[in-house]
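Thank you all for coming. I would like to walk you through one structure this morning, beginning with a whole chain and then turning to a pair of helices and a strand.

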Amino acid sequence: MTPRWRNKETIAAWLFILPSLIGFLIFTAGPVVAAGVISLLNWNLFSSPTFAGLRNFARLGPDPTFWSALGNTAYFTFLSVPLTMLVSLALALLLNQGLRRIAVFRSLLLLPYATITVAVAFVWIWLYIPHGGLVNTVLGWFGVAGPAWLISDHWAMPALIAMSVWKSFGFGMVVFLAGLQAIPQQLYEAARVDGSSAWQSFRNVTVPMLSPALFFVIVTSIIGSFQVFDQALIMTNGGPGSRTTTLVMYIYRTGFENYDQGYAAAQSLVLFGFIVVITAAQFVLQRRLVHYDN
Amino acid sequence: MRSELSRRSLLKYTGAAVAASGLLSACSSRPPGAATWSMWSSSPAERKVWDAFSQYVEQQLMIESVPTLTPSGGYPTKLDLQLVSGTASLVTALNGQLIPTYAARGAHRPLDDLIAADPDFELDDFYPASRKISTFNHQIYGIGFDVAPTVLYYNKTLLAKAGIAAPSRTEPMTWATFRELAKELTRPPDQYGFTCSPAIDDLVSWIYCAGGNVMNDDGSASALNAPEATEAIQFVIDLFVKDQVTPPISNLVTESSLANFLEGNVAFMQNGPWQVVNVRKAKFDWDVVPFPAGAAGSTPRVSGSSFAIPSGVKGDELQLAWKLLKTLTSTGALDIYAKAGRNNPARLSAGSAFKPPPDNLGVVRDILAGKVAGGHPFDVTTNWNQVKQLLGQDLPRTFLGQVSVPEAIEGLTPRLDVLMKQHQDNIRQAEARKG
């Protein structure tokens with residue numbers, strides 16, 4: 001009898017999976033394992049590494065920049081994700097009203113998401129110029145004197161968040177729109193027959209039926225937000241002070257500018273741990289909150 | 001329907017995969033026998049200079065020259081990855097600020113043995129400041145290709161329009177005179193007296209001129225809280241915050257003294273002669289003069305760049321690397337560099353090739369030769385990136401008036417002291433490796 005692994009279909013299946021699997025092993029699983037090993041070493045990249053035990057993890061406690069970067073990252077995540085969700089959902093609901101030329105609007109609204117962050121960041125630097133920038137000019141029309149956004153202690157992070165929401169709402173919008181269009185119309189008709197208002201239909205039909213899409217967008221947005229790096233690097237370089245220094249930025253600097261690979265790996269594992277815990281919590285909650293039709 | 005994969009086919013595919021990966025890895029290694037070198041290059045004009053260098057190398061060494069050119073922002077990261085993976089070029093360019101960083105970590109080798117064994121090599125033809133910048137722990141790790149002091153650019157047209165006489169070409173003005181001039185020439189929002197970068201790279205020139213430094217003489221503790229350094233920083237911050245003689249800062253990342261100066265409405269700019277090539281595009285008349293003199297005289301930062309040989313280069317390759325390094329820093333090569341106006345060459349014998357405009361460009365050579373004013377080689381540590389990051393966090397806030405100078409220095413000093421201890425550890429480790 002032919003062994004199962006030499007079966008043509010099995011081999012074909014493995015060949016289809018192989019590119020993705022190789023990519024996962026080399027670029028995801030491999031680096032995670034490597035980070036685990038490197039976090040136990042003192043390694044400056046060029047000299048031979050020496051064993052450090054758990055010392056790199058112990059250094060995290062008294063490092064104020066690490067905690068400040070973690071706080072900034074949490075601030076960014078817990079403000080940008082809900083805002084992005086709200087904007088995405090609002091626009092998806094708007095586009096789902098049977099608008100003509102919906103494909104054109106959908107494509108236009110998806111443009112910020114499809115544009116590379118570096119280009120978007122430079123455009124937003126111009127928008128945020130205190131004197132003559134578009135944002136402060138518009139605020140000026142309403143008698144509001146806008147701040148110097150990117151050098152202000154209080155406004156630098158909200159400015160980054162606003163840019164990130166604009167940059168990323170397109171992804172959620174497309175997912176939500178697909179989810180909305182898959183909701184059977186009979187459910188809305190039944191609700192109407194039962195005397196439901198528009199708000200009640202939204203709360204009792206749309207939200208439950210859209211919950212798998214909401215869950216997917218929340219999980220991917222939170223993971224993405226915890227890894228925020230490029231917009232902060234380009235627009236503020238972590239400043240003023242360390243007000244917009246994010247964890248990934250600090251990890252990059254520790255590893256590749258300060259040549260402290262062990263400490264950078266320890267930081268990245270802690271970030272990985274945070275993301276795993278938060279994602280696991282979301283998966284636990286989804287059993288109660290997410291409605292699957294089947 | 002089921003079909004089988006024969007053992008022969010399986011071996012064939014596996015062999016093909018191994019061959020392909022071998023080919024890929026071969027592509028990333030150093031081409032044998034070629035003169036490989038790495039350099040940063042961020043513009044077509046720079047690329048043109050390095051292409052001319054490459055042709056010069058081929059003419060002199062009669063072998064293929066393979067330059068690896070990388071935009072300056074990504075150069076250190078690319079170099080690090082090449083050094084770690086053993087694929088670095090035989091000779092790599094290093095910014096003088098980073099020579100102690102690489103040397104202390106054993107990434108590059110000292111050149112003293114190669115210099116001693118080569119009677120043709122004239123180390124004395126290099127400016128003393130260039131030699132100092134390339135030295136770490138009493139050993140030479142690089143041979144300079146450019147070196148220059150910070151100077152004061154001024155807008156001749158603007159000064160003439162305001163009826164103010166041009167500053168002396170050789171005698172540095174005092175800080176007090178400079179401040180008065182900057183104030184006199186400021187008419188916001190149309191015209192400003194002065195521009196510089198809100199960063200330590202520009203602040204150190206004022207600190208050196210006041211007789212201070214970022215760290216003490218042996219690099220074991222911060223010296224920013226010494227009166228000389230504090231007064232110097234306060235003087236510059238006052239220009240920004242109190243006197244407001246500088247264009248307003250709208251973004252700390254994109255703030256550029258060069259862009260401000262090229263606007264044509266700023267009287268003075270602090271910068272190095274490496275910007276001469278860009279300022280030549282200005283639509284107004286301009287020149288350079290020595291940096292304003294503080295209590296310790298006119299001793300601004302002198303910075304430079306060098307070529308160095310990675311530690312992994314050994315055997316026959318080392319001989320080729322040394323020949324290549326000598327060629328890249330020869331008078332002929334540096335003539336090409338200087339004639340293109342990139343910067344002042346590190347060799348005295350190539351100095352005359354760095355020609356005007358501006359009229360007073362020769363003052364750069366006179367400063368380096370000690371004939372006029374003075375300069376202070378940029379003192380850096382083995383963890384200068386970290387020091388810069390730390391200073392880059394809190395010092396810029398003083399330029400914005402968000403924190404006072406004493407507050408910023410008080411917050412920075414203990415953290416800077418920790419970095420100085422790390423620097424001492426790095427030196428000890430480097431010495432242990434040497435021993």
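**Chain A, then a closer look**

Chain A contains 12 helices and two strands, where helices (H or I, at least four residues) and strands (E, at least two) are DSSP runs numbered from the N terminus. Please keep in mind that this is a predicted model, in which local features need pLDDT of at least 70 and side-chain atom pairs count only at pLDDT 80 or more, while totals for chains, interfaces and linings use all residues. Residues are numbered from 1 along each chain as its sequence is written, and chains are lettered from A and ligands numbered from 1 in the order in which they are written.

Along the principal axes, the C-alpha atoms of chain A fill a box of roughly 80 × 75 × 35 Å. Of its 294 residues, 32% are buried, meaning that 20 or more other C-beta atoms, placed from the backbone, lie within 10 Å of the residue's own.

Now to the helices: in chain A, H8 (residues 185-193) packs against H9 (residues 198-226) at about 135 degrees, and their axes are 10 Å apart. Here axes are lines fitted to C-alpha atoms, for helices over the stretch in contact, and angles run from 0 to 180 degrees between N-to-C directions.

Finally, in chain B, six of the six residues of strand E1 (residues 35-40) are buried, so the strand is largely enclosed by the rest of the structure. On one side of E1(B) the buried residues are Ala35(B), Trp37(B) and Met39(B), and on the other they are Thr36(B), Ser38(B) and Trp40(B). Six bridges join E1(B) to the parallel strand E2 (residues 65-70) of chain B, two strands being paired if DSSP finds at least two bridges between them.

Definitions and conventions:
A residue is buried if 20 or more other C-beta atoms lie within 10 Å of its own, exposed if 12 or fewer, and partly exposed in between; C-beta atoms are placed from the backbone.
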